[in-house]
Amino acid sequence: MKMPGAPPPEPDYRRARLLGFGEQSVSNSYFPEPKRRLDELERVRSLLDQTAEGIFLIDGRTGRITDAAGAAGALLGLERGALVGRHFSDLLPREAVEHLRGLFSGDFAAGRIETSLPAPRGKGADLAVEMTFRLARGEEGAIAVIVARDVTDRKKSDLALRRAEEKYRGIVENAAEGIFQSSLDGRLISANPAMASILGYASPRELMRRIKNIVDEVVAHEHDRQRIRSELVRYDEVKRLEVELRTTSGGLIWGLINARRIRDAAGEPERFDGSLQDVTIRKKAEQTLQRYQDELEQAVAERTAELTRINERLTHEVTTRKRAEEAAEAANRAKSDFLSMVSHEIRTPLTSVLGFAVIIEKRLEELFEKLLDDNPRHRRQAGQVMDNLRIIVSEGERLKHLINDVLDLAKLEAGKMAFRSERVDPAAIVRHVMSASAGLLGANKKVSLNTRIEGRLPEVLGDRDRIIQVLVNLVSNALKFTEHGSVSCRARAEGHYVVIEVADTGIGIPEPEQHKVFEKFNQIGATLTNKPKGTGLGLPICKHIVESHGGRIFFVSKPGTGSTFTFTLPIA
């Protein structure tokens with residue numbers, strides 16, 4: 001309905017008024033219904049201008065843009081007013097121009113394409129856009145409606161997603177452990193090559209084709225299958241579960257399984273994701289190690305039992321030996337006490353016997369000189385009597401020395417021998433003993449005595465008589481077993497000790513007897529019948545005396561060459 005006196009509206013003005021273009025469209029409407037509709041159109045237009053999408057209306061006859069809304073200007077970097085009236089081929093990319101022409105010609109139907117627009121004013125990278133085309137019919141012909149959407153961020157996200165998928169696909173494809181997905185009923189959805197290789201299949205495709213249920217057909221034992229199902233139901237996952245698996249050849253391997261139930265956005269179970277690692281070598285090594293450990297524990301238990309028995313036997317033997325030693329010590333003490341007592345008891349009458357024997361020897365010798373005539377028979381008988389008396393005296397003296405040695409040893413072993421503690425000049429002792437020993441040589445001119453004192457010797461602290469006893473014993477032994485050559489005594493200071501050596505060129509000590517040198521009642525050279533017999537107590541007594549003074553005594557000997565006995569005494 002036209003207003004009275006109003007000029008007829010021109011077509012462009014009418015179209016603009018209906019679409020909401022023009023500032024006076026509403027104010028120029030005088031009818032309630034058109035005004036309401038125009039208000040509604042303007043509200044729609046206002047909403048379109050707020051959208052992030054660009055909207056273009058293109059006249060099918062002229063190819064020019066008749067209207068633009070939303071982000072159309074922002075996409076092309078132009079004001080909306082600068083877009084209206086421009087030909088679409090001047091502003092749209094080539095793909096969009098071709099599609100639009102096909103749409104107008106009827107070659108293309110409505111559709112959608114993805115292309116790019118130059119960045120506004122050449123800043124930055126081109127914009128990726130998605131365009132949808134639709135053909136509409138207006139009063140004046142065909143009108144193309146193009147909606148353009150900036151999809152740059154989406155394209156970047158798609159690219160990042162695609163790269164991430166490629167990256168993780170590469171990781172999965174090249175992983176050393178098997179990775180798989182299965183449906184809720186156990187059917188494999190995907191698997192990587194390692195999964196197929198572990199189970200003996202040529203490819204993941206063959207694995208998925210032949211295995212219908214990964215749990216029932218691959219897990220070897222029913223109790224393991226039940227455990228997997230139970231843990232998935234209870235905990236939604238299985239962690240580091242070691243089970244035996246059956247391969248395509250029917251053999252068994254050990255696998256380490258991890259799996260979890262995946263749920264969708266609504267929380268409903270969707271699938272299972274899992275991994276599989278072949279741990280057969282490690283498992284066999286552990287089993288071998290366990291077997292060795294069991295065998296070792298058994299061997300240790302057996303050995304422990306054996307050692308316990310041995311220990312019990314040794315304990316019994318030690319107890320028995322200790323009792324025997326205690327008995328031996330008691331017997332030794334009794335022996336020492338007995339020897340000491342007997343020696344004392346024997347030495348007293350023996351002294352008397354020796355005294356009277358010496359007196360009788362002298363008196364008879366004087367008496368025979370006065371009474372004997374020239375009768376050879378009488379003189380021979382008198383000589384025999386005198387020889388017998390001399391044997392009595394000699395053997396009595398030998399018995400007296402034996403008794404004295406036994407008494408000395410008994411006192412030393414019992415710790416009852418008292419030693420005087422005084423400063424002693426070791427050089428004077430050496431000279432005294434060597435001078436006195438010269439008388440033992442007698443008429444033997446084949447053996448020489450040599451004395452060598454190196455420098456000024458420091459004094460030692462001890463019992464002078466006992467030290468002389470030691471040196472006399474060593475020198476007399478050396479002279480007894482040396483037929484030719486020399487017996488030498490050498491004294492020197494060495495460190496905190498005075499060292500005295502007695503060396504001879506005698507027969508030496510046989511090797512089988514060397515370990516018995518310091519044993520009681522052992523006589524060196526006992527097999528030599530032409531040598532005087534000793535008591536076999538001299539060297540043990542020397543050892544006790546030297547060690548009681550804080551020194552030590554030792555020897556070196558070579559049969560046929562001689563012996564060297566050495567003892568040390570601490571410097572005072």
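Modeller: Asp-463 is buried, at 3% relative accessible area. This is a predicted model. The side chain of Asp-463 forms a salt bridge with that of Arg-420, at 3.5 Å from N to O. The pair joins distant parts of the chain, 43 residues apart. Arg-420 sits in the loop between helix 13 (376-414) and strand 11 (422-424). Asp-463 sits in the loop between strand 13 (460-462) and helix 15 (464-480). Arg-420 has 43% relative accessibility, so Arg-420 counts as partly exposed.

Next come Glu-459 and Arg-423. Their side chains meet in a salt bridge, again with 3.5 Å from N to O. Arg-423 belongs to strand 11, and Glu-459 to the loop between strand 12 (447-453) and strand 13, so the bridge ties together parts 36 residues apart in sequence. Glu-459 is partly exposed, at 35% relative accessibility. Arg-423 reaches 55% and counts as exposed, because the cut-off for exposed is over 50%.

Now Arg-490 and Glu-501. They form a salt bridge, with 3.7 Å between the closest N and O atoms. Arg-490 is in strand 14 (residues 485-494). Glu-501 is in strand 15 (residues 497-504), 11 residues apart from Arg-490. Arg-490 is partly exposed at 27% relative accessible area. Glu-501, at 18%, counts as buried, because buried means under 20%.

For context, the whole structure holds 32 salt bridges. Elsewhere, a network of salt bridges links Glu-53, Arg-112, Glu-114, Glu-130, Arg-149, Arg-154 and Lys-155.

Terms used: Residues are numbered from 1 along each chain as its sequence is written. This is a predicted model: local features need pLDDT of at least 70, side-chain atom pairs count only at pLDDT 80 or more; totals for chains, interfaces and linings use all residues. Side-chain values use heavy atoms; hydrogens and water are left out. A salt bridge is a side-chain nitrogen of Lys or Arg within 4 Å of a carboxyl oxygen of Asp or Glu. Helices (H or I, at least four residues) and strands (E, at least two) are DSSP runs, numbered from the N terminus. Buried means under 20% relative accessible area, exposed over 50%, partly exposed in between (1.4 Å probe, protein chains only).
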